Amino acid sequence: MHFISEDLEDYVANHSENEPELLAQLNKETHQKILQPRMLSGHFQGRVLSMLSKIIRPTHILEIGTYTGYAALCLAEGLPENGTLDTIDIEEELVDFQKKYFDVSPWKNQIIQHLGDAIDIIPTLNKKFDLVFIDADKENYVNYFHLIVPMMNKGGIILSDNVLWSGKVLEEVKANDTSTQVLLDYNKLLKEDPRVETVLLPIRDGLTVSRVL
């Protein structure tokens, strides 16, 4: 769903920072070779993620849901030299694709790939995070949130993607639509949980910014 016209979306993108060449190549190859390329963060949202990371200057970043690695590379732009980015994905067939682009980026030695179920992997990460990006299976958003809040530094930022779910959050939930119901519960949780303060941005499919208190 387009919440604003495509022409206006193009104007917004054209008046934001240009898409870096490496990311443009990744974007193109994702659309050529990978299923569901609309899952890619893309030029405009990627520049938003980059800008937020540069403002936050996180030492440790966690990304839940790597896909082809576009958002990871955007978030890595804000890392200091001693910083790390742990990224988790369950799709084994995407690992080599991700690694190809990570290895030619300036953050080759700072990005750590994890393959498997994020619910199992997150508790094994012995770090305190300054920035987390949740962009994986919607059914586990609430579970991810409760896992990562205790692992965040005070003032850390949790970004949650797809929280408007193509506008389905405003529609009557169908009986078998687990994802929409979980996102409704998740959005309510972020608004009411006393451990965070939250603002929901209507960027693409909805991006929530939550600050850990």
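Two strands are said to pair if DSSP finds at least two bridges between them. In this predicted model, that idea applies to strand S2 (residues 84–89) and strand S3 (residues 111–115), which pair in the parallel sense over five bridges, and within this pairing Thr-87 stands opposite Gln-113 in S3.

- Strand S1, which spans residues 60–64, is mostly covered, since four of its five residues are buried.
- Leu-62 belongs to S1, and it counts as buried because its relative accessibility is 0%, where buried means under 20%.
- S1 pairs with S2 in the parallel sense over five bridges; within this pairing Ile-61 has Leu-85 as its bridge partner, and Ile-64 stands opposite Ile-88.
- S1 is also joined by four bridges to strand S4 (residues 129–134), again with the strands running parallel, and here Glu-63 stands opposite Phe-133 in S4.
- Together with helix H4 (residues 70–76), S1 and S2 make a right-handed β-α-β unit.
- Although Leu-62 and Ser-5 are 57 residues apart in sequence, the distance between them in space is 32 Å, taken from C-alpha to C-alpha.

**Strand S2 and its two faces**

- S2 is mostly covered, and six of its six residues are buried.
- In a regular strand the side chains alternate between the two faces of the sheet.
- In S2, Thr-84, Asp-86 and Ile-88 point one way, while Leu-85, Thr-87 and Asp-89 point the other way, and all of them are buried.

- Strand S6 (residues 196–201) and strand S7 (residues 207–212) pair in the antiparallel sense, with six bridges between them.
- Glu-197 stands opposite Arg-211 in S7.
- Five residues lie between the strands of this hairpin, in which Arg-204 takes a positive phi near 50°.

**The enclosed cavity**

- When the whole structure is searched, one cavity of 30 Å³ or more is found, and the largest cavity holds about 60 Å³ of space.
- The largest cavity is lined by 13 residues, of which Ser-41, Thr-66, Tyr-67, Ala-71 and Asp-135 are the closest to its centre.
- By residue type, the lining of the largest cavity divides into six nonpolar, five polar and two charged residues.

**Loop residues with a positive phi**

- Most residues other than glycine have a negative phi.
- Tyr-67 is buried because its relative accessible area is 10%, which falls under the 20% cut-off.
- Arg-57, which is not a glycine either, has a positive phi of about 55° and is placed in the loop between helix H3 (42–56) and S1.
- Arg-57 counts as partly exposed because its relative accessibility is 46%, a value in between the 20% cut-off for buried and the 50% cut-off for exposed.

**Other loop residues**

- Lys-138 is found in the loop between S4 and helix H7 (141–148), and with a relative accessible area of 8% this residue is buried.
- The side chain of Lys-138 makes a polar contact, at 2.9 Å, with the side chain of Asn-162.
- Ile-34 lies in the loop between helix H2 and H3 and is buried, with a relative accessible area of 18%.
- Ile-34 and Thr-68 are 34 residues apart in sequence, and in space they are 8.4 Å apart from C-alpha to C-alpha.
- Met-39 is found in the loop between helix H2 (21–33) and H3, where it is partly exposed, with a relative accessible area of 42%.
- Along the chain, Met-39 and Val-182 are 143 residues apart, and their C-alpha atoms are separated by 19 Å.

Notes. Residues are numbered from 1 along each chain as its sequence is written. This is a predicted model: local features need pLDDT of at least 70, side-chain atom pairs count only at pLDDT 80 or more; totals for chains, interfaces and linings use all residues. Side-chain values use heavy atoms; hydrogens and water are left out. Buried means under 20% relative accessible area, exposed over 50%, partly exposed in between (1.4 Å probe, protein chains only). A crossover is right-handed if, with the strands pointing away from the viewer, the path from the first strand over the helix to the second runs clockwise. On a 1 Å grid over the protein atoms alone, a cavity is a set of points where a 1.4 Å probe fits but cannot get out, and a pocket is an open set with protein on both sides within 12 Å along at least five of seven lines; lining residues have an atom within 4 Å of a point. Grid points are joined across faces, edges and corners, and a volume is the space filled by probe spheres set on the points. Ala, Val, Leu, Ile, Met, Phe, Trp, Tyr, Cys and Pro count as nonpolar, Asp, Glu, Lys and Arg as charged, and the others, Gly among them, as polar. A polar contact is a pair of N or O atoms within 3.5 Å; within protein, one must be able to donate a hydrogen and the other to accept it, and residues adjacent in sequence count only if both atoms are side-chain atoms.
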